[in-house]
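Dear colleague,

Please find the structure below, together with its sequence. I would ask you to keep it open while you read the notes that follow.

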Amino acid sequence: MSSAVGDLGREVRFGEGRTATFGYLAEVSHSRSAVVVVHDWYGHLPHLRRRCDRLTEHGLTALAPDLYDGLRTIDPAEAEALFQALDADLARNRLLAAVSYLRGLGAAKVGIVGYSMGGWLALLLSPEPILDALVAYYAALEPEEWAPIRCPVQLHFADIDDWDPPEAPEAYAEWLHASGTSVETFTYPEAHHGFGNDDLPAFRSGSAELAWIRTTHFLRTHLVAQPP
């Protein structure tokens, strides 16, 4: 089921029962590589569609699922309330359904890009042997959530954030590396949490564009077949 929504892609419905939701799909014909793009706690804002559209420029089909069933905001307090109301198990199952949907379109390799809450959910999902690459923006897991990740990982952090303790992201990345996960990390000077979302005041164009260049290079390296 799909309907036109403008931009370069379309709205699609996937999943079954409670897992069913809508997402924005930007598709590359005959592509065997795809990416799930997961929103932050503000919801499915327009920047998700723009990111999906830009991924098609690199030969990647992209799907951005809506984990809030149409609710979205740019108010931090409202966003926090939406996050607190999130059923994490349902969100996880919707991401699994998104991966399955892309496999059904013919994707041999599937990666994921998650922003903040979306990065946290992607990292929680990643021990499952279903992903071929993972990119998380300003997200890490608590020590009790740590588990080896079987696919390559790229982490983008803001220089100005409220991690408690402040060394939490670095400790997580070091643990991943020690556990055998292929991981690379980048921190963006003077950037705030949310710097990659151009629908928010925290957006920082220079940092966001540099992070995006690194993101797309990483995804192409691990998802797109290279010519012999």
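Two residues are in contact here when heavy atoms of theirs lie within 4.5 Å. This is a predicted model, in which local features need pLDDT of at least 70 and side-chain atom pairs count only at pLDDT 80 or more, while totals for chains, interfaces and linings use all residues. Residues are numbered from 1 along each chain as its sequence is written, and side-chain values use heavy atoms, with hydrogens and water left out.

I begin with two threonines. Leaving aside neighbours within four places in sequence, Thr 19 is in contact with Phe 14, Leu 90, Asn 93, Arg 94 and Ala 97. Its place is the loop between β2 (10-14) and β3 (21-26); helices (H or I, at least four residues) and strands (E, at least two) are DSSP runs, numbered from the N terminus. Thr 19 counts as buried because its relative accessibility is 17%; buried means under 20% relative accessible area, exposed over 50%, and partly exposed in between (1.4 Å probe, protein chains only).

Arg 13 stands opposite Phe 22 in β3. The hairpin has six residues between the strands, and in it Gly 15 takes a positive phi near 85 degrees.

Not counting residues up to four places away in sequence, Thr 73 touches several residues, including Tyr 42 and Leu 45.

Next come the aromatic rings. The structure holds 12 aromatic pairs; rings of Phe, Tyr and Trp (its six-membered ring) pair if their centres lie within 6.5 Å, and planes under 30 degrees apart count as stacked, over 60 as edge-to-face and the rest as tilted. Trp 41 and Tyr 42 form an edge-to-face pair, because their ring centres are 6.4 Å apart and their planes stand at 80 degrees. Trp 41 is partly exposed at 26% relative accessibility, whereas Tyr 42 is buried at 12%. Tyr 137 and Phe 195 make a tilted pair, with centres 6.2 Å apart and planes at 50 degrees. This pair links distant parts of the chain, 58 residues apart: Tyr 137 is in strand β7 (residues 133-137) and Phe 195 in the loop between β9 (183-192) and α6 (205-223). Both Tyr 137 and Phe 195 are buried.

Finally, how many of the residues of strand β4 (residues 33-38) are buried? Six of its six residues are. Ser 33, Val 35 and Val 37 point one way, and Ala 34, Val 36 and Val 38 the other way. In a regular strand the side chains alternate between the two faces of the sheet. Six bridges join β4 to strand β6 (residues 109-115), and the two run parallel. Three bridges join β4 to β5, also parallel.

Yours sincerely

Technical notes:
Pairing = 2+ DSSP bridges.
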